[in-house]
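Look at the model below with its sheet, its helices and its pockets in mind. The paragraphs that follow take up the pockets and then the sheet.

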Amino acid sequence: MVPSPTPFVLRVSDAALADLQDRLARTRLPDQAPEPPWTYGTDVDYLRGLLQHWQHGFDWRGQEARLNAFSQFRVPLHGIDLHFLHVPGEGPAPMPLLLSHGWPGSVFEFLDLIPRLTQPSRFGGDPADAFTVVAPSLPGYGLSFRPGQKRFGVEAIADCLAELMTDVLGYCRFAAQGGDWGAFVASRLGAVHPEKLIGIHINLLAVRRDPATLENPTEEERRYLAELTAFLKEETGYQWIQGTRPQTLAFGLSDSPAGLAAWIVEKFRAWTDNDGTPESAIDRDRMLANIALYWFTGCIGASFHPYYARMHGPWPIPGTVDVPMGYCQFPKEILRPPRSLAARTYTDIRRWSVMERGGHFAAMEQPDALAEEVRAFFRPLREAHP
């Protein structure tokens with residue numbers, strides 16, 4: 001029997017808000033090492049200011065209302081209560097689009113992007129380009145988490161979301177878009193459920209990070225190898241701890257909002273197109289809404305599991321992805337593999353766009369540009385929409 005979704009509205013208890021305030025007031029910060037700020041990770045002075053704003057200036061109820069302005073549901077699926085936004089599109093035939101976030105993201109990433117996809121006419125676009133957006137909290141993340149539930153890797157997440165789109169919501173075929181783990185989910189769907197996919201659009205490439213795969217590299221491939229070498233040396237510490245000892249790390253981040261904020265905001269700085277502070281790329285309250293959702297749901301340990309599964313299991317994209325694919329290369333993305341390498345995995349690249357500005361959190365940094373790229377990629381595929 002196909003489960004039926006039930007409407008959902010988020011309201012964090014007053015007691016949880018008071019507990020957060022108490023913990024923030026009792027924060028004990030480490031000393032600042034005698035090197036330039038951010039040399040060893042999150043800057044102490046920066047975090048002090050962010051925590052003061054979280055305690056005294058941040059309006060959680062306002063952010064809650066932003067999320068609750070969209071239609072939300074929960075449905076029992078694959079052993080959990082899966083949370084998702086389901087936002088109808090305008091126009092004669094909106095295309096169903098699965099929108100998947102990653103880590104350390106959440107559905108809060110998409111609140112500026114969704115209206116640009118569902119109601120393009122509000123932003124100078126054509127209603128014929130509209131989508132009906134389904135944006136789940138990935139299993140194990142945010143509002144798709146409860147203590148003690150089973151953990152999900154990319155493979156299990158993709159299967160769960162495929163069932164959501166087809167069996168629960170009744171879409172015979174659908175489009176998929178994502179960055180970070182969401183890009184892996186979209187790619188996995190294209191590889192193992194191609195009959196259900198109209199096409200996929202991603203802003204991070206799910207390709208293997210193995211320098212040995214590039215022999216006699218071109219100039220562009222050498223640029224990528226240099227980026228990859230630097231990334232593997234300096235930027236993968238979080239992957240190793242999250243992928244090998246996630247439970248241990250979860251103790252500190254589940255008990256300390258300051259620790260949680262420090263762990264996540266360092267990624268907002270490192271992975272965005274900013275001038276040295278993350279706020280130049282993403283509004284401070286947008287960042288804190290995302291961090292606060294991790295805090296209130298207590299999901300941080302479960303959110304690490306795709307890293308553990310990746311390090312202890314097979315590569316999650318079997319074979320090639322043969323459905324139509326579009327890609328946005330933002331200049332401050334974590335890694336930017338060349339098209340020559342991407343083509344080994346994605347055999348039907350229809351659109352490859354090099355963007356002028358933006359980074360890893362494209363839906364928050366550049367919602368207009370990302371929405372236009374998604375609309376442009378799927379426009380010629382709409383005749384495939386049943």
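In sorting residues by class, Ala, Val, Leu, Ile, Met, Phe, Trp, Tyr, Cys and Pro count as nonpolar, Asp, Glu, Lys and Arg as charged, and the others, Gly among them, as polar. This is a predicted model, in which local features need pLDDT of at least 70 and side-chain atom pairs count only at pLDDT 80 or more, while totals for chains, interfaces and linings use all residues. Residues are numbered from 1 along each chain as its sequence is written, and side-chain values use heavy atoms, with hydrogens and water left out.

The largest pocket holds about 870 Å³ of space. A pocket here is an open set of points on a 1 Å grid over the protein atoms alone, where a 1.4 Å probe fits, with protein on both sides within 12 Å along at least five of seven lines; lining residues have an atom within 4 Å of a point. The volume is the space filled by probe spheres set on the points. Its lining has 33 residues, and Gly41, Thr42, Gly259, Ala262 and Trp263 lie nearest the centre. By class these are 13 nonpolar, nine polar and 11 charged residues. Helix α10 gives the largest share, nine residues; α2 (44-56) and α8 (237-244) each supply at least two. Helices (H or I, at least four residues) and strands (E, at least two) are DSSP runs, numbered from the N terminus.

The second largest pocket has a volume of about 570 Å³. Among its 21 lining residues, Trp181, Phe184, Arg209, Phe231 and Gln239 are the closest to its centre. Two or more residues come from each of α6 (181-192), α7 (219-234), α8 and α13 (305-312). The lining has 16 nonpolar, two polar and three charged residues.

Two of these helices, α8 and α13, have axes (lines fitted to C-alpha atoms over the stretch in contact, with angles from 0 to 180 degrees between N-to-C directions) that come within 7 Å and cross at roughly 85 degrees. They are therefore roughly perpendicular (65 to 115 degrees) to each other. In contact (heavy atoms within 4.5 Å) are residues including Trp240 of α8 and Met311 of α13. The contact residues divide into five nonpolar, five polar and no charged.

The open sheet has nine strands in the order β1-β2-β3-β5-β4-β6-β7-β8-β9, with mixed pairing; two strands pair if DSSP finds at least two bridges between them. Because β1 (6-7) and β9 (349-354) stand at the edges with a single partner each, one side of each has no neighbour in the sheet. Strands β6 (174-178) and β7 (197-202) run parallel, joined by five bridges.

How values were computed: Angles under 35 degrees count as roughly parallel, over 145 as roughly antiparallel, 65 to 115 as roughly perpendicular and the rest as oblique.
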